[in-house]
Amino acid sequence: DVSPVVVDRDIDTTNMQVSKTEVAVEIIGMNKWFGDFHVLRDINLKVMKGERIVIAGPSGSGKSTLIRCINRLEEHQKGQVIVNGVELTSDLKRVDEVRREVGMVFQHFNLFPHLTILQNLTLAPIWVRGVPKAQAEETAMLYLERVRIPEQAAKYPGQLSGGQQQRVAIARSLCMNPRIMLFDEPTSALDPEMVKEVLEVMISLAEEGMTMLCVTHEMGFARQVANRVIFMDQGQIIEQNEPEAFFSNPQHERTKLFLSQIL
Ligand code: ADP
Ligand code: MG
């Protein structure tokens, strides 16, 4: 077998339906430069509601930059990025509108070290959304239960393991009730024994029908959970396919080389 399984239970695909009509993200002829450096080249990508997409590719190929363009942590210079029907432009109202719907989880968990776990989860709902404190705390506890660490609510990030901190970061995103989740190598900074607990949380999100774009080197996760794998190299989408075909029958030399190195 070319990639290890992540979980040895059956994954419940009941709610993992890909919409035929509802588009979550559409990227059309998108290009981006960092100064003179052409980092993203002619990106075309349509993500339907309910898709679980894994983005793979060598370091420096533009994976992070691509997903950061989806919530405008990076600006593109040419082409269109449309999220839930809203085109991202320099209009900050639209950027806000899109960010409300798009959660993001990073390699380094980016929790506020001086706030408790509960405070990390309620900060944005209270101050950005105007949710009453008691209600924000109730929601936060629900999501901490979902990621199976309600008992950590009163602790500070530094008192938690890396895996626990990443689960808090996912719960924090979910508190904002996103329709799309972006993951940028969420398990790359974790000790091996903690990778599985974070992937389990991501799998449970997929089982509930969340639209997800995940940059990850976890090819077992790609195989078990993704409906589509996208391979990037040098700022371009080189090839994309269903996981089965992607792993068993890669088309391009660069994809073959990448897979031979990673698997
Ligand atoms: P990946 O996530 O696939 O490793 P990135 O999207 O982080 O790739 O980076 C793609 C390329 O863009 C790399 O060559 C990187 O050095 C460069 N890059 C990333 N961010 C910046 C930036 N803020 N300024 C200039 N170059 C950048
Ligand atoms: Mg990256």
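Gly103 stands opposite Met181 of strand E7, and on the E8 side the bridge partner of Met181 is Met212. The model is predicted: local features require pLDDT of at least 70 and side-chain atom pairs pLDDT 80 or more, whereas totals for chains, interfaces and linings use all residues. Residues are numbered from 1 along each chain as its sequence is written, and side-chain values use heavy atoms, without hydrogens and water.

**Strand pairing**
- E6 (residues 102-105) pairs with E7 in the parallel sense over four bridges; pairing requires at least two DSSP bridges between two strands.
- E7 and E8 (residues 211-215) also run parallel, joined by five bridges.
- From E7 the chain passes through helix H6 (residues 192-207) to E8 in a right-handed β-α-β crossover (clockwise from the first strand over the helix to the second, with the strands pointing away from the viewer).
- Strands are DSSP runs of E with at least two residues, and helices are runs of H or I with at least four, numbered from the N terminus.

**Burial of E7**
- Because five of the five residues of E7 (residues 180-184) are buried, the strand is largely enclosed by the rest of the structure; buried denotes under 20% relative accessible area (1.4 Å probe, protein chains only).
- Ile180, Leu182 and Asp184 lie on one side, and Met181 and Phe183 on the other.

**Helix packing**
- The axes of H5 (residues 162-174) and H6 come within 8 Å and cross at roughly 20°.
- The two helices, H5 and H6, are therefore roughly parallel (angles under 35 degrees).

Conventions: Chains lettered and ligands numbered in written order. Buried < 20%, exposed > 50% of the residue type's maximum accessible area, 1.4 Å probe, protein only. Axes fitted to C-alpha atoms, helices over the stretch in contact; angles between N-to-C directions. Parallel < 35°, antiparallel > 145°, perpendicular 65-115°, else oblique.
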